[in-house]
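Subject: Structure handover, aromatic contacts

Hello,

Here is the structure for your files. My notes on its aromatic side chains follow below.

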Amino acid sequence: MKIGSKTMIKWPKQITATLVEQLIKAEKDLQKAILIFDAATGEYTNGFRHDLSTFGLMISRFVSVNQFRAAEDMLNRMKDEKCNITEDIFLSICRGYGRVHKPLEAIRVFQRMKEYNCEPTHKSYITVFSILADENQLKLALRFYRYMRELGIPPSVTSLNVLIKALCKNSGTMDAALRIFREMPNRGCIPDSYTYGTLINGLCRFEKISEAKELFMEMSDKGCSPTVVTYTSLIHGLCQSNNLDEAMGLLEEMKSKGIEPNVFTYSSLMDGLCKGGCSSQAMALLEIMLSKRHKPNMVTYSTLIHGLCKEGKLREALEILDRMKLQGLKPDAGLYSKIINGFCDVHKFQKAANFLDEMVLEGISPNRLTWSLHVRIHNTVVQGLLSEIDPNRAFQLYLSMRTRGLSVEAKTFDSLVHCFCKKGDLHKAARIFEEMVVDGCIPDEGTWTAIVSGFWDRKKVREAAESIQIEVIVVSHDNNAHVSHFARGRLLFNLRENQKRENEGLSRKSRVLQSKAHRIFLHQVMKMRVLAVSEEEANSTKLGWEVNK
C-alpha cells in the first residue's frame with residue numbers, strides 16, 4: 001500500500017496535519033483515503049505524526065460506513081502513538097452503534113473509555129442514556145439512569161428529557177413520565193419546548209388527545225414556543241382521532257406564527273384526509289407541499305395511493321405512482337399491493353396481473369410483513385382471471401406462484417381444475433390436481449366430480465373410471481377392515497388390467513391421458529383408504545373404551 005501511495009500522491013517537502021486532513025476529506029473513496037492516511041507517515045517516518053484531527057477524521061469516515069472494528073483499531077493506534085484521545089472520539093463511535101441499533105456495543109465502547117485515560121463526563125453518560133432510550137431499551141435505560149444518580153451525577157433538564165422520552169415509549173409508563181414532568185421544577189429543572197413536545201407526542205401516540213391539547217395550551221402560557229415537531233405531533237394525533245377540522249386549523253395557526261410545515265406535517269394531514277374519504281383535498285395539499293419545495297417521501301406517496309385506490313380513483317393513483325418513480329423512489333411490495341387490490345376491487349384482473357408481472361420484473365419481493373397479503377392477492381387475481389375467461393394467463397400466474405413459493409389456496413386449485421376440465425384441457429387439469437394433492441390440499445367432492453367428468457368422455461378410460469367409482473363407494477361405506485382391504489385390492493387390479501388391455505392400439509396422447517387418469521384415481525383411492533383406516537381406528541378405540549368402562 002505504501003509503495004503504491006508514492007505514485008498516487010506527490011507530497012510537498014513539508015507535510016502538515018491540515019494538508020492531510022484536506023486530502024482525506026476530498027477523497028470520496030474510503031480505501032484511497034486510507035492510502036493517503038498511511039502514506040503521510042510512510043513518506044516521512046521521522047518527520048510527520050498524525051494528531052487528533054487526522055485520527056478523528058479517519059474514525060469518522062469508518063463510522064459513517066459502519067466499519068466499527070476498523071474505527072476501534074484506530075483507537076488502539078492512537079494509544080500506541082501516545083496521541084491524546086478525547087471524549088468526542090468515543091462518543092462518535094457510540095452514536096454510530098446506536099444508529100445501527102446496537103446499544104450494547106455502545107455501552108461496551110463507553111466502558112472502555114478509562115482504559116485510554118479518558119474520563120467520561122456528564123455528556124458521555126447522557127449520550128449513552130439517550131441511545132438506550134432511542135432503542136426502546138426501557139429497563140436498561142432506567143438501570144443506567146439509577147447508576148448515573150449513584151455516581152452523583154445531578155439531574156438536569158437534558159437528562160430528565162431523555163428519561164421522559166424513554167417513559168413515553170410505553171403506554172404503561174406514560175403516567176410516570178407525566179409525574180416526573182410535574183416534579184421537574186422542584187428539582188430546579190424548568191421544562192422546555194422539547195419536554196412538552198415529547199409528552200405531547202407520547203400522549204397522541206396513545207390516543208390521549210384531550211390531555212395532549214391541554215399540555216399544548218399550557219406550554220404557550222409558560223412561554224414555551226411550540227416547534228414544527230410539536231405541531232406535527234398534535235396534528236397527527238388529531239387526524240388519527242378523525243378531528244380533521246381541528247387539525248387543519250392547527251396548520252393555519254402554525255403558518256400564521258411563521259412556523260413552516262414540513263413533509264411530516266403534510267403527510268400526517270394527507271393521511272387523515274385519505275382515511276376520511278377526502279382524497280381530493282389530500283391531492284390539493286400535495287400541490288401546496290410541492291410549491292413550497294418539500295419533496296414527498298415514501299409515506300406521503302403510499303398514503304395518497306392507498307386513499308385514491310380506496311375511493312376507486314385508480315387513474316389518479318397511477319399518476320402518483322409515476323410521479324414517485326420520476327422522483328427516483330422505488331415502490332415496495334406494500335405499495336404495489338395497494339394498486340393491485342384497487343384493480344381487484346373493480347374486477348380489473350388483467351391490469352392487476354400486469355402489476356404483479358411488473359413486480360417480478362423489477363425484482364420486488366414481499367417481506368415477512370407483507371407475505372401473507374401477497375399470497376391472498378395472487379390467489380384473488382388467479383381466480384379473477386378465470387372469471388374473466390383468461391385461463392392461460394391464470395395458469396401462467398399459478399406457475400409463477402409455485403416457482404416463488406407462494407401458497408395456492410384450495411379455492412384457487414378448485415377453480416383451475418374446474419376451468420381446464422370444462423375447457424377440455426385435461427393435461428393441465430390433471431397436473432394441477434396432482435400438485436394440489438402433493439401440497440396436502442385434499443380435493444372436495446366438487447373437484448373430484450370435475451376431474452372424473454373431464455376424463456369421462458375419453459372412451460378408453462371410461463370402463464376403468466366406472467369400475468373405480470363403484471368400488472370407491474363400496475370402500476367409503478364399508479366399516480369392515482377385511483372387506484375394505486379386499487375392495488382396494490380389486491380396485492388396483494381391475495384398473496391395471498383394464499389399462500393393460502386397452503393400451504394396445506391407443507395413440508400416444510390417449511395413453512398419456514389414461515396414465516394421468518390412473519394417477520388421479522389412485523390419489524382418490526388412497527384418500528378413501530386413509531378415511532376408512534381412520535374410521536376403523538376410531539371404532540376400535542371406542543369399543544376398547546366401552547369394554548374398559
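Y147 has a relative accessible area of 39%, so this residue is partly exposed. F144, at 9% relative accessibility, is buried, because the cut-off for that class is under 20%. Please keep in mind that the model is predicted.

F144 and Y147 both belong to helix α9 (residues 138-150), where a spacing of 3 residues puts about one helical turn between them. Their ring centres are 6.1 Å apart and the ring planes meet at 55 degrees, so this pair is classed as tilted; an edge-to-face pair would need an angle over 60 degrees.

In total, the structure contains 17 aromatic pairs. Another of them joins F110 and Y125: the planes stand at 75 degrees and the centres are 5.1 Å apart, which means an edge-to-face arrangement. This pair connects distant parts of the chain, with F110 in helix α7 (residues 103-111) and Y125 in helix α8 (residues 122-134), 15 residues apart. F110 has a relative accessibility of 7% and is therefore buried. Y125 is buried as well, with a relative accessible area of 8%.

The charged end of K79 sits over the ring of Y116, at 5.1 Å from the ring centre.

Regards

Definitions and conventions: Residues are numbered from 1 along each chain as its sequence is written. This is a predicted model: local features need pLDDT of at least 70, side-chain atom pairs count only at pLDDT 80 or more; totals for chains, interfaces and linings use all residues. Side-chain values use heavy atoms; hydrogens and water are left out. Rings of Phe, Tyr and Trp (its six-membered ring) pair if their centres lie within 6.5 Å; planes under 30 degrees apart count as stacked, over 60 as edge-to-face and the rest as tilted. Helices (H or I, at least four residues) and strands (E, at least two) are DSSP runs, numbered from the N terminus. Buried means under 20% relative accessible area, exposed over 50%, partly exposed in between (1.4 Å probe, protein chains only). A charge sits over a ring if NZ of Lys or CZ of Arg is within 6 Å of the ring centre and within 35 degrees of the ring normal.
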